[in-house]
Amino acid sequence: MIKRILAGAFAISLATACAGHGITPKTGFAIPTTPQSVSPASIPVAPMAKTAIRPASAMRSGTVKPMDAIGPANWQPIAGSGSFAAAAPDGSLWVLSNNAGADKFIWHYVNGVWSNISGMASRIAVAPDGTLYAINSAGGAYSYNATTSTWTPLGGGCSDITVASDGSIYVMSNGAPGGTDQAIWHFVNNAWTQVLGSGVRVAGNWDTQTYTINNGGGTVAPGGVYILNSAGNIYYENTSSTFALLPGSASAIAPTKNAGILMLGYPAGGSGTTIFYFDLDAQTYSQPGGSAVSISTNTSTLYAVGFSGGLYYSVVSTTGSLPTYFVNNSGITPAYFTIIGNNPNDRSDPAFYHVTATGQLVKFAQSDRGSDGTADFNIPFPAPGTPFPLPLTRGARMYVSLGTKFKTGINPDLTWASPNGWSNAADPNFGTLWDNFEYDYLVGVDSHQPGMGINTTQVQMFGLPLSFTITGSSGSIAQMGFKAGVRTAFFNALKNSPPFDSLIVPGTATGTNVSPLRAISADQAILNGEQSIPGVPHFSNITYWDTYISNIWTYYKTHTLTANTSAFGTYTGTVNASNQLVFTQANKPDISFSMPPSTDAIVGNGALITPCNAWQAGSPLFVACAEIGSELSAYINRSTLLVDPVMNRNNPCPLAAINEFYQNQPVNIYAQLMHQYSYPITDAQRYAPNGAAYGFGFDDNCNQSSVIVDNNNPSSMTITVQSF
């Protein structure tokens, strides 16, 4: 079961954290009484206020309340202020202002921008389809049509409102004196029906799992509602009209979709009330830190309103935010993975972290480091069909090994000693069958939703054929990585393609009968040779591209080469009498490149970057120069500069141009095979129809690299070790 807790939260026993929040429910509890009541349809609906649209500046955009109003540093402020928050499934936020009076202005926060709608309310709730519902202080309940900017009345006499997972509405309504427990009414198919029970607050349950509460507390099944009564008791009413009693007490409640409930302690305090998290699987409370007067969650993010009106959010992290499935089709066992990364919530945190077998992100510790300077952070592949709870992680690397465990190097100062299978024959994993990929799984600054960006890179080496599938929140599927059966085909092709056969690292991998160990990239083999590194491949013919490059320089003495940069316009280049390829743009200094040797051209350094030092690093001219140098490297690797006089840094890259890649001699066969055996990517942002891969340092030119991104709260990921 995937359980969600606040990122960076520290667990505190509830018995010591809040004496008024007992955790042992009574066996055989009494269900809430059901007061006499009349249908909200029979009560006149108090009119919705018609207010002029207020400018964003009225939300005090740019103003942030003091951070200590909410608590620990993992909370991030939102410019603005309010009194009540309601998170939407699309990652946006609805907020009631903190103006005087029982009814408040209604604001919508989308991608960092506030907008106001006409109307005023005392409570709001958002449906699974994003529809906004509101009640005003006189009890009128309404739904809001964002397309027509109109309110539709639903009923009167209401004091609280929520939306269930099926989109139906529950309200607390008349039937008892104000401030005491109210009747509960259900609005579905345009009809009101009273349900059993009573309370002061109600919250819909969107979790799809079923939980049994300890000590005879009853069952929490999908589709029902949580109810808080005036004594702070926490009830759950199932759609079958049965009840459960949860341990503890609360004054506000925000259920998540994944086995957890966020609550404010009881009784509510005027200066904010402590936030608690109840794990429905473990039946335990923890204290994430902070206090608030209002909380709401869309599962990926917890929003809180501080007692002085400050607005804050914190990642609703998990012991497994993203359900991740592992598939091993290689036939080689055992299979392990190791994850190393950084703090997803604090970019200033220099510490390195690893992921545990339960999906926790844990900081490196001295006790992790063995006598050989390595740590064992290996996690066995879960059983087929069993999801691993992948936590939010910044700058992450996942290492997959077969046959034996992977060793993680840790320096004495607890910094990470990254593995090296391409230029260090003494690396502790040199004889291990392994590969890796890099990713960021982070919550967007503006969207407040988790997003995955993942890349399998062969810029240094190729060891295992890994593939990745990300399923989006809407069911869309994105795939990248290597096809089945490619490892054998790749090494056979490389062996028969000198001088690229020199890239192969011979040997049988530890714990397997698999050979060779890996292949390293052409540019890495060139670097190994330049540094005279022993025991690792050197490219056996460093003049392989010399004639081709010389022919390029001769061709552009009488032709023009166009370089389209990403943000600095179009440059045109010709070779001058001094044998320099000079790129010009009106009203800009010339950018000149001497003819590079093969080694510089393939790696993308030396003669292709030296001219840029004429300008300050990071300046527009420096970056424009560096982009053109990267384009020259990319298009020499792809062998197109004698057939196509146009280079592109980013899209648009015409299909005709892409189809010319690796079709002309001399070919970087390592990079060619990487693309040939990879899945294509053809979406609105990326167009690599002949296989997306990272075969050399600047394979991101023309967006041909193996990067896929889903910033809209993906629902799952699958990592596959393909058949060899």
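Me: Before anything else, what counts as a disulfide here?
Reply: A disulfide is a pair of cysteine sulfur atoms within 2.5 Å. Keep in mind that this is a predicted model.

Me: How many disulfides turn up in the whole structure?
Reply: The search finds 2. Cys612 and Cys625 form a disulfide with their sulfur atoms 2.1 Å apart, and Cys653 and Cys702 form a disulfide with sulfur atoms 1.9 Å apart.

Me: Take Cys612 and Cys625. Where do they sit?
Reply: Cys612 is in the loop between α5 (598–603) and α6, while Cys625 is in helix α6. The two are 13 residues apart.

Me: What's the pairing pattern, counting bonded cysteines in sequence order?
Reply: The pattern is 1-2, 3-4.

Me: Cys158, buried or exposed?
Reply: Buried, at 6% relative accessibility.

Me: Switching to the core. How many residues are in the largest nonpolar one?
Reply: The largest nonpolar core has 115 residues. Tyr439, Phe490, Phe500, Phe583 and Leu641 have the most contacts inside it. Helix α6 (residues 620–637) supplies the largest share of this core, with 8 residues.

Me: Which residues does Phe490 contact, ignoring neighbours within four places in sequence?
Reply: Phe490 is in contact with Phe462, Ala519, Tyr670, Leu673, Met674 and Tyr677.

Me: What about the second core?
Reply: That one is separate and has 19 residues, including Ala203, Tyr211, Val220 and Ala259.

Me: Cavities next. How many of 30 Å³ or more?
Reply: The count is 1 cavity. The largest cavity holds about 40 Å³ of space.

Me: What lines the largest cavity?
Reply: The lining is made up of Asn205, Asp207, Tyr211, Val220, Tyr226, Pro255, Thr256, Ala259, Gly260 and Leu280. These divide into 6 nonpolar, 3 polar and 1 charged.

Me: Now Asp435. Where is it, and is it buried or exposed?
Reply: Asp435 is in strand β38 (residues 433–443). Asp435 is buried, with a relative accessible area of 1%.

Me: What does Asp435 touch, beyond residues up to four places away in sequence?
Reply: Asp435 touches Met398, Tyr399, Val400, Gln458, Met461, Phe462, Gly463, Leu464 and Leu466. Asp435 and Met461 are 26 residues apart along the chain, and their C-alpha atoms are separated by 8.1 Å.

Me: Last one, Thr297. Which strand is it in?
Reply: Thr297 is in strand β25 (residues 294–297). Thr297 is buried, with a relative accessible area of 12%.

Me: How far is Thr297 from Ser137?
Reply: They are 160 residues apart in sequence and 23 Å apart in space, C-alpha to C-alpha.

Note on methods. Residues numbered from 1 in each chain as written. Predicted model: local features only at pLDDT ≥ 70, side-chain atom pairs only at ≥ 80, totals over all residues. Heavy atoms only, no water. Core = buried A, V, L, I, M, F, W, Y, C linked by side-chain atoms within 4.5 Å. Buried < 20%, exposed > 50% of the residue type's maximum accessible area, 1.4 Å probe, protein only. Helix = DSSP H or I, 4+ residues; strand = E, 2+ residues; numbered from the N terminus. Contact = heavy atoms within 4.5 Å. 1 Å grid on protein atoms, 1.4 Å probe; cavity = no way out; pocket = protein on both sides within 12 Å on 5 of 7 lines; lining within 4 Å. Points joined across faces, edges and corners; volume = space filled by probe spheres on them. Nonpolar A, V, L, I, M, F, W, Y, C, P; charged D, E, K, R; others polar.
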